[in-house]
Amino acid sequence: MNSMLVVLFTLTAGSVATVLRFLLVRTAPVAGVHGVNMAGTVLLAVVVALFNRGVLDWQIAVIVGVGFCGALTTFSTWIALIDERRTTRPWRTVVVDVLAPSFAAVLLTVMTFIALG
């Protein structure tokens, strides 16, 4: 695949993921943020595992991993959620919005690598 096509498809995948993230987060702000971050984490782990096994070409890995997953899982949306919720229940925010999702993301990634490794 031509490098310019990879760039074009990466931008397109990112645009699609941005709209998807917007719709999910708007529908359910807290669950949406955590949901898209977990889904993007697992999808990225699948892409990396399949790329490492030689199943995916680097172009597809870039389009899906950088374009789609990168736009779907944004750090800024997660930080905005934490910042918004930290003043009312700081300890709950640390556990529910920081520690639990981080632990879940690492666990899901490890499980994906084990399953596809």
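**Cores and helix packing**

User: Which residues make up the largest nonpolar core?
Analyst: In this predicted model, the largest nonpolar core has 8 residues: Val6, Ala13, Ala17, Val36, Ile63, Phe68, Ala71 and Leu72.

User: Which helices supply at least two residues of this core?
Analyst: Helix 1 (3-27) and helix 3 (58-72) each do. Helix 3 gives the most, with 4 residues.

User: What is valine 36 in contact with, leaving aside its neighbours within four places in sequence?
Analyst: Arg21, Leu24, Leu72 and Thr73.

User: Which residues does the second core include?
Analyst: That separate core has 5 residues, including Val25, Trp78, Leu81 and Ile82.

User: OK, back to helix 1 and helix 3. At what angle do their axes cross?
Analyst: At roughly 30°, and the axes come within 7 Å. Angles under 35 degrees count as roughly parallel, so helix 1 and helix 3 are roughly parallel to each other. The crossing is right-handed.

User: Which residues make the contact?
Analyst: Among them are Phe9, Thr10 and Gly14 of helix 1, and Trp58, Gln59 and Gly67 of helix 3.

User: New topic: helix 2. How far apart are its end C-alpha atoms?
Analyst: They are 34 Å apart. Helix 2 has 24 residues (29-52) and should span 34 Å at 1.5 Å a residue, so the two values agree.

User: Which of its residues are buried?
Analyst: The buried residues of helix 2 include Gly32, His34, Val36, Asn37 and Leu50.

User: And what do the buried ones pack against?
Analyst: Helix 1, helix 3, helix 4 (75-85) and helix 5 (90-116).

User: What comes just after helix 2?
Analyst: Glycine 54, which takes a positive phi of about 85°.

Technical notes. Residues are numbered from 1 along each chain as its sequence is written. This is a predicted model: local features need pLDDT of at least 70, side-chain atom pairs count only at pLDDT 80 or more; totals for chains, interfaces and linings use all residues. Side-chain values use heavy atoms; hydrogens and water are left out. A nonpolar core is a set of buried Ala, Val, Leu, Ile, Met, Phe, Trp, Tyr and Cys residues joined through side-chain atoms within 4.5 Å. Buried means under 20% relative accessible area, exposed over 50%, partly exposed in between (1.4 Å probe, protein chains only). Contact means heavy atoms within 4.5 Å. The expected span of a helix is 1.5 Å times one less than its number of residues. Axes are lines fitted to C-alpha atoms, for helices over the stretch in contact, and angles run from 0 to 180 degrees between N-to-C directions. Angles under 35 degrees count as roughly parallel, over 145 as roughly antiparallel, 65 to 115 as roughly perpendicular and the rest as oblique. A crossing is left-handed if the near helix is turned anticlockwise from the far one by less than a right angle, and right-handed if clockwise.
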